[in-house]
2 protein chains.
Amino acid sequence: MKKIVDIGKKILIANEEYALKNSQFLAEQKKLCLNMISSPGSGKTTILVRTITELKDKIKIGVIEGDIQTDLDAKRIKATEAPAIQIETGGSCHLSAAQVSNALENLLISTLDLIFIENVGNLVCPSAFELGEWGKIAVLSVAEGDDKPAKYPAIFAKSKVLLINKIDLLEAGTQVDFDIERAKADASKLNKDIAIFPVSARTGKGMAEWYNWLEESVKNIRG
Amino acid sequence: MKKIVDIGKKILIANEEYALKNSQFLAEQKKLCLNMISSPGSGKTTILVRTITELKDKIKIGVIEGDIQTDLDAKRIKATEAPAIQIETGGSCHLSAAQVSNALENLLISTLDLIFIENVGNLVCPSAFELGEWGKIAVLSVAEGDDKPAKYPAIFAKSKVLLINKIDLLEAGTQVDFDIERAKADASKLNKDIAIFPVSARTGKGMAEWYNWLEESVKNIRG
């Protein structure tokens with residue numbers, strides 16, 4: 001068991017080296033880079049498509065799109081005309097910093113303000129692999145239940161922002177009984193600095209606060 | 001990279017040995033064992049609670065409950081009075097066959113017909129680790145989107161059953177636009193033998209077909 005743990009550490013250390021390289025490169029270029037992490041189907045791609053479209057006159061956004069298989073998401077991103085690089089992990093449950101390093105070389109970074117990395121849909125593993133991003137964005141949809149910050153704490157403890165998505169499902173007439181205050185309290189207990197925005201990427205509700213946060217963060221990175 | 005791949009293989013081989021031991025034990029005891037896999041929040045625990053309660057006069061069910069942290073799910077299972085063993089993986093993104101082997105020793109197997117293993121909420125990693133179960137049950141909620149079988153094929157290719165849960169969210173008045181026929185077609189393309197049951201564990205709709213499948217499977221294992 002000791003040996004396996006040691007090798008696990010070596011994989012993480014090799015990843016950290018690429019992550020550091022990516023983070024230095026992004027800092028030199030003064031570009032904001034955000035790593036989006038969530039379960040499959042919480043709405044990462046829909047959030048990105050709406051964000052890119054609605055901010056297109058203010059912030060130039062590029063996307064590094066991670067998927068185990070298929071380019072379904074990359075096609076949705078490319079339809080917005082944002083520059084996008086697709087990484088198919090071929091089974092792996094998270095993106096690695098080496099893959100991101102390679103993708104960064106192929107994005108026209110100088111034309112961009114903000115690079116989103118859409119990680120593989122998985123609330124667990126991606127949180128252990130730094131990619132060199134400036135911050136992590138956790139996405140949790142109300143359909144997944146308000147107990148998720150308590151049950152999967154790592155990603156909520158490490159994120160700069162929590163987007164609580166699909167709040168349109170909480171309108172009268174549905175049986176979704178997600179308690180936003182419980183999720184907020186549990187996430188804030190894990191991470192007192194986390195910014196939490198309840199949104200509906202489908203209807204647009206709540207997105208303005210998220211956009212303000214993005215604009216502020218781009219401005220701060222530019223210095 | 002080669003070394004890392006080799007070690008990865010060794011971990012899988014060590015796991016396979018425990019899985020074989022579990023599967024032989026379960027076959028000798030003539031007990032049905034099902035490994036439930038899904039993303040966080042697709043409704044595994046709610047499905048189990050309803051199934052245990054509604055079948056309690058016909059099938060004696062025990063549960064091995066896997067979570068990264070917290071015993072929130074185990075408490076919900078124990079409220080049904082079904083025997084349950086909790087495994088906290090302490091960060092690991094899937095259950096291992098060794099953990100299940102240990103749990104099987106602590107369940108009163110002779111009093112049971114069926115053991116459910118509720119894996120850690122993760123649509124990716126648990127599908128690579130056999131636990132010695134007779135079959136895998138994939139759960140996908142309609143809130144996650146109908147593109148998931150195409151994007152996360154491994155678990156759908158390996159499962160005996162796909163439960164499409166939360167179909168109550170498809171009723172008029174919500175904006176969930178999951179196409180059940182698309183999900184069925186994609187899952188069946190990956191796995192021509194998969195049995196697919198659209199259900200709502202909340203309202204009970206569609207659960208009768210799932211119960212029939214369970215009763216038939218228990219009968220077949222008893223021989």
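User: Where do I start with chain A? What does its secondary structure come to?

Analyst: Start with the elements. Chain A comes to eight helices and seven strands. Keep in mind that the model is predicted.

User: How do I read the radius of gyration of chain A, and what would a compact globule have?

Analyst: Compare the value with what a compact globule of that length would have. With 223 residues, that would be near 17 Å; chain A has 17 Å, so the two agree. Along the principal axes, the C-alpha atoms of chain A fill a box of roughly 50 × 50 × 35 Å.

User: What share of the residues in chain A is buried?

Analyst: Burial is a count of neighbours: 20 or more other C-beta atoms within 10 Å makes a residue buried. In chain A, 48% of the 223 residues are buried.

User: What do contacts say about sequence separation in chain A?

Analyst: Take the contacts between residues at least 6 apart in sequence. In chain A, 75% of these join residues at least 24 apart.

User: Which strand should I look at for burial? Is strand 1 of chain A enclosed or open?

Analyst: Check each residue, then each face. Six of the six residues of strand 1 (residues 32–37) of chain A are buried, so the strand is largely enclosed by the rest of the structure. One side holds L32(A), L34(A) and M36(A); the other holds C33(A), N35(A) and I37(A). Both faces are covered.

User: Which strands pair with strand 1 of chain A, and how many bridges join strand 1 to strand 4?

Analyst: Look for bridges, then direction. Five bridges join strand 1 to strand 4 (residues 114–118) of chain A, and the two run parallel. There, L32(A) stands opposite L114(A). Strand 5 (residues 135–141) of chain A is also parallel to strand 1, with four bridges. M36(A) has I137(A) as its bridge partner in strand 5.

User: What about the core? Which residues touch the most other members?

Analyst: In soluble globular proteins, nonpolar side chains tend to be buried together. Here the largest nonpolar core has 116 residues. F116(A), I117(A), F116(B) and I117(B) touch the most other members. Take I117(A). Beyond its neighbours within four places in sequence, its contacts include C33(A), L34(A), N35(A) and M36(A). Among the others are I64(A), L95(A), V100(A) and L131(A).

User: What about a loop residue? Where is V199(B), and is it buried or exposed?

Analyst: V199(B) is in the loop between strand 7 (195–198) and helix 8 (207–222) of chain B. With 24 C-beta neighbours inside 10 Å, V199(B) counts as buried. Its contacts, leaving aside neighbours within four places, include L163(B), I164(B), M207(B) and W210(B).

User: How are the two chains related? What rotation superposes chain B on chain A?

Analyst: Read the angle and the shift together. A rotation of 180 degrees with 0.0 Å of shift along its axis superposes chain B on chain A, at RMSD 0.0 Å. That is the relation of a two-fold axis. The same surface serves both copies: 100% of the contact residues of chain B recur in chain A.

User: How many residues does the contact take from each chain?

Analyst: Chain B gives 34 residues and chain A gives 34 residues. On the chain B side, helix 1 (2–29) and helix 5 (148–151) each supply at least two residues. That side divides into 15 nonpolar, eleven polar and eight charged residues.

Key: Residues numbered from 1 in each chain as written. Chains lettered and ligands numbered in written order. Predicted model: local features only at pLDDT ≥ 70, side-chain atom pairs only at ≥ 80, totals over all residues. Least-squares fit on C-alpha atoms with pLDDT ≥ 70 in both. Contact = placed C-beta atoms within 7 Å. Nonpolar A, V, L, I, M, F, W, Y, C, P; charged D, E, K, R; others polar. Rg over C-alpha atoms; globule rule 2.2 N^0.38 Å. Buried ≥ 20, exposed ≤ 12 C-beta atoms within 10 Å, placed from the backbone. Core = buried A, V, L, I, M, F, W, Y, C linked by C-beta atoms within 7 Å. Pairing = 2+ DSSP bridges.
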